[in-house]
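I opened a new structure today and kept notes as I went. Here is what I looked up, entry by entry.

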Amino acid sequence: MIRRSNRLGGITCSFRSSRGRRRYAPGPGRAVIGYLRGVKVTVVGSADAFNASGRGNSCYLVEGAHGARLMIDFGPTALLGLRHVGVSPNDVSAIAFTHLHGDHMGGFPALIIDALYDVPRTAALPVLGPPLTKHTLGVLLDTAYGIALDEVTDFSLEIGELAPGETRLLAGFEVRGFAADHMSPPHQPLCLRVTDPDGKSVAFSGDTRFCPGLFEAADGADLLVAECTRLAPPAGHHCTWEEWTTRWSQLRARALLLSHLGTDVRERSAELQRTAGAPLPLRFADDGLAIEV
Ligand SMILES: [Zn+2]
């Protein structure tokens, strides 16, 4: 096993190769979890809601030096994505949802039946999300498999909710919510900032258009993982590349990873990264990419 890595400002992008053959390449790839010094973010999926360019729905695995593994979002391709990066669902310590759109939480029923029937789970699974998370996940699980949340008794399924401005401890990580601008009331989508016990922090935009909560979540973070759904407006309640080029100077994060990529952004990502001239280290996400902060 050969470790490949490169430095990108204050962050390290790590890839691993086997028998000299590069295992990570643009497109579905693999990242091996381990040898951790700080906080590692593994991109389990990097696409928009439509699996653009054959990538998985955006979700991420955050591994802290204290050994916990926190999933951010769990869309329809998340279980597949975990297997691609070589992580058992049983090794996921907890899940935090940014918002309750299908491409960010649609994989929850598959995760539960995997835990019940494939690789039985015994460890508790704490889940945190915005208001309405418990109701929404309950309906989803019941609709998909006729299982009520309170029928999951093989392991403890603890579903908590988080409002903007609130902080919860989740698998040893401090998770703070900030108001995103992506859905109409009563839904309240979130940007999240995840801080490990050593103080390393990673912010996640979830899906949002530019709003104060996005910049507050990123303030002081070692890495911001943010959406860039299209090259240019109109993109609904989403961020675009054109907007990022005028907004990233306002960021107070140490590095920026752009994800939730639509086809138009993906196709030009190499060129954009090369020519961006961003005021902070910038990279585009791809499935299997692992970044250590
Ligand atoms: Zn989305």
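This is a predicted model: local features need pLDDT of at least 70, side-chain atom pairs count only at pLDDT 80 or more; totals for chains, interfaces and linings use all residues.

**Notebook: a sheet and a tryptophan**

**Entry 1: the whole chain.** I stepped back to get my bearings. The chain has seven helices and 17 strands. I checked burial next, and 49% of the 293 residues count as buried. Then I looked at contacts with a separation of 6 or more. Residues 24 or more positions apart make up 64% of them.

**Entry 2: the sheet.** I traced an open sheet of seven strands. I wrote its order down as E10-E11-E12-E13-E14-E15-E16, and the pairing is mixed. Which strands sit at the edges? I found strand E10 (167-170) and strand E16 (282-284) there, each pairing on one side only. I also looked up the angle between neighbouring strands of this sheet. They are turned by 20° against each other on average, direction ignored.

**Entry 3: E10 to E11.** E10 and E11 run antiparallel and are joined by four bridges. Arg168 has Val175 in E11 as its bridge partner. I then checked the hairpin of these two strands, which has two residues between them. Ala171 in this hairpin takes a positive phi near 50°.

**Entry 4: E11 itself.** Is strand E11 enclosed or open? I counted along residues 173-179, and six of the seven are buried, so E11 is largely enclosed by the rest of the structure.

**Entry 5: E11 to E12 to E13.** I moved on through the sheet. E11 and E12 are antiparallel too, with six bridges between them. Next I took E12 (residues 190-195) and E13 (residues 201-204). They pair in the antiparallel sense over four bridges. On this step I noted Leu192 opposite Phe204 in E13.

**Entry 6: Trp241.** I left the sheet and turned to a helix. Trp241 lies in helix H6 (residues 241-247). Is Trp241 buried or exposed? I found 22 C-beta neighbours inside 10 Å, and the cut-off for buried is 20 or more, so Trp241 counts as buried.

What does Trp241 touch, leaving out residues up to four places away in sequence? I listed Cys228, Leu231, Ala232, Val265 and Leu272. I looked at Leu231 again. Leu231 and Trp241 are ten residues apart in sequence, yet 4.7 Å apart in space, C-alpha to C-alpha.

Note on methods: Residues are numbered from 1 along each chain as its sequence is written. A residue is buried if 20 or more other C-beta atoms lie within 10 Å of its own, exposed if 12 or fewer, and partly exposed in between; C-beta atoms are placed from the backbone. Two residues are in contact if their C-beta atoms, placed from the backbone, lie within 7 Å. Two strands pair if DSSP finds at least two bridges between them. Axes are lines fitted to C-alpha atoms, for helices over the stretch in contact, and angles run from 0 to 180 degrees between N-to-C directions.
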